[in-house]
Amino acid sequence: MTTIRLNDVTKQFDDGTVAVNRLSFEAKSSEFLVLLGPSGCGKSTALRMIAGLETITSGELYLDGHFANDVPPRDRDIAMVFQSFALYPYLNVRENIAFPLKLAKAPKDVIEERVGAVSQALGLRDFLHRKPGTLSGGQRQRVAMARAIVRRPSMFLMDEPLSNLDAGLRVELRTEITALTRDLGVTTIYVTHDQTEALTMADRIAVMRNGILQQIDTPDNVYQDPATVFVAAFLGTPRMNLLQGSIHAYLEEQLLVDLGAQALALPWEDPRSRRLARHHQERVIFGVRPEALEIVTHGTAGPDRGLLSGWVRHLEHLGHETLAYVDTGSTPVRLDINGTGEDDLDHQDAVGEDGQTRSISRIAKVTLERFRGGHRDDDPRERPIIDGRAPGEPGHRSRSSDLVVRVDTERKVRTGEQVQIAVDLTRIFVFDRMGYRIHTGPAVRMT
Ligand SMILES: Nc1ncnc2c1ncn2[C@@H]1O[C@H](COP(=O)(O)OP(=O)(O)O)[C@@H](O)[C@H]1O
Ligand SMILES: [Mg+2]
């Protein structure tokens, strides 16, 4: 069938905005590839370049192996569906769907057969005589979809087609869209800012931020094995806990991930320890998802289990689960996940505790303020984040963070209670301060 390959594709608009920055990936034949990222990260621009609606500033686009930078949109055999799709209000559903075929002067029986098949697939059989104005949002988006695929394009590009629909419909259409595109074997690139959509629909997810590709992999792998702290934080609800930490290697003994008030120890035999030891005495970002944490009564630490203690500050009952917000005295890392720009370090340098200036990668814009921690009264220089002082002690200036933990429904936890948290050490992540994962591969379970 058809492949879509981008090679170092960049889009710079006339005003200087670099919307897409050296983007490279390949959508395989019949693949359902999702472009995922916050609003403004360049998803639509990337899609529009593939469709030929936007010129490519540099780099190459190959459609089915053929260089396609200059191919006019109508010769690309692509159908596109947008968030809001204008249907012809004076035509009924059947005529709306048939429109592209009529335009292409397809024979009458072909039109009849194709419109029948596609309206069957999308559950529109009973609405064929209706005008768009009398349809619900979901039905209208189905008509738009039907009209796009009725030509049987070899590529399908969808730009947030479900964002205008309510939650129930979105779930329903999610399944329909993936079923339909798989049945047809159409290579599909689907753009969304919704990580749940991406995780449930995609064969592979390409995560973008600020025009830059962060990672491209299967839903399982981007979730379990995130390459950057941004990918780790963007996928999953509740979000991955991210804390300031530092690495201390005790050669041949253990590797400590110091979280300020408390620390976690990895045995030296853990393959990650040797890798992390290269970052001895460096500040890092520690990440752990709520599901890798458990509130325990009399916990003991082990080779793949660490213990932290804290106070339950707040409980959130969500029906099917309860989330406990536990104050462990460590300092959170805040990421500008949605590109609001409030912790944007794009053109700033961070001053390390050694007084050296380092550029912070735009891939993980961690707040300068958070990096620096508090300030020492007697020393105008930046104070290290890890200060060994317990929260509440004089000198402890860092804002303490709440570790979000999923709580078993049977376990009774009360606000204000002091608890122990067991940490599944096979499911912890350590990122450097640029936001890149330090240890490679998923965490390894010790025996
Ligand atoms: N025509 C344009 N001129 C200048 N900047 C643009 C233009 N279109 C989009 N942009 C900018 O490019 C970036 C990416 O936009 P877009 O591709 O629409 O992002 P997304 O679809 O991920 O929300 C944004 O910063 C946006 O403001
Ligand atoms: Mg967009």
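Which backbone oxygen lies 2.6 Å from a polar atom of the side chain of Arg437? The backbone oxygen of Pro226 does. This is a predicted model, where local features need pLDDT of at least 70 and side-chain atom pairs count only at pLDDT 80 or more, while totals for chains, interfaces and linings use all residues. Residues are numbered from 1 along each chain as its sequence is written, and side-chain values use heavy atoms, leaving out hydrogens and water.

**The protein overall**
- The protein has 10 helices and 24 strands, which are DSSP runs (H or I of at least four residues for helices, E of at least two for strands) numbered from the N terminus.
- Of its 447 residues, 54% count as buried, that is, under 20% relative accessible area with a 1.4 Å probe and protein chains only.

**Around Arg437**
- You will find Arg437 in the segment after strand 24 (428-431).
- Arg437 is buried, with a relative accessible area of 12%.
- The side chains of Arg437 and Asp225 are joined by a polar contact of 2.9 Å (a pair of N or O atoms within 3.5 Å, one able to donate a hydrogen and the other to accept it; residues adjacent in sequence count only if both atoms are side-chain atoms).

**Helix 2 and helix 4**
- Helix 2 (residues 93-103) packs against helix 4 (residues 137-149) at an angle of about 30°, and their axes are 7 Å apart.
- The two helices are therefore roughly parallel to each other (angles under 35 degrees).
- Val93, Asn96, Ile97 and Pro100 of helix 2 meet Val143, Ala146 and Arg147 of helix 4, with contact meaning heavy atoms within 4.5 Å.

Conventions: Chains lettered and ligands numbered in written order. Axes fitted to C-alpha atoms, helices over the stretch in contact; angles between N-to-C directions. Parallel < 35°, antiparallel > 145°, perpendicular 65-115°, else oblique. Buried < 20%, exposed > 50% of the residue type's maximum accessible area, 1.4 Å probe, protein only.
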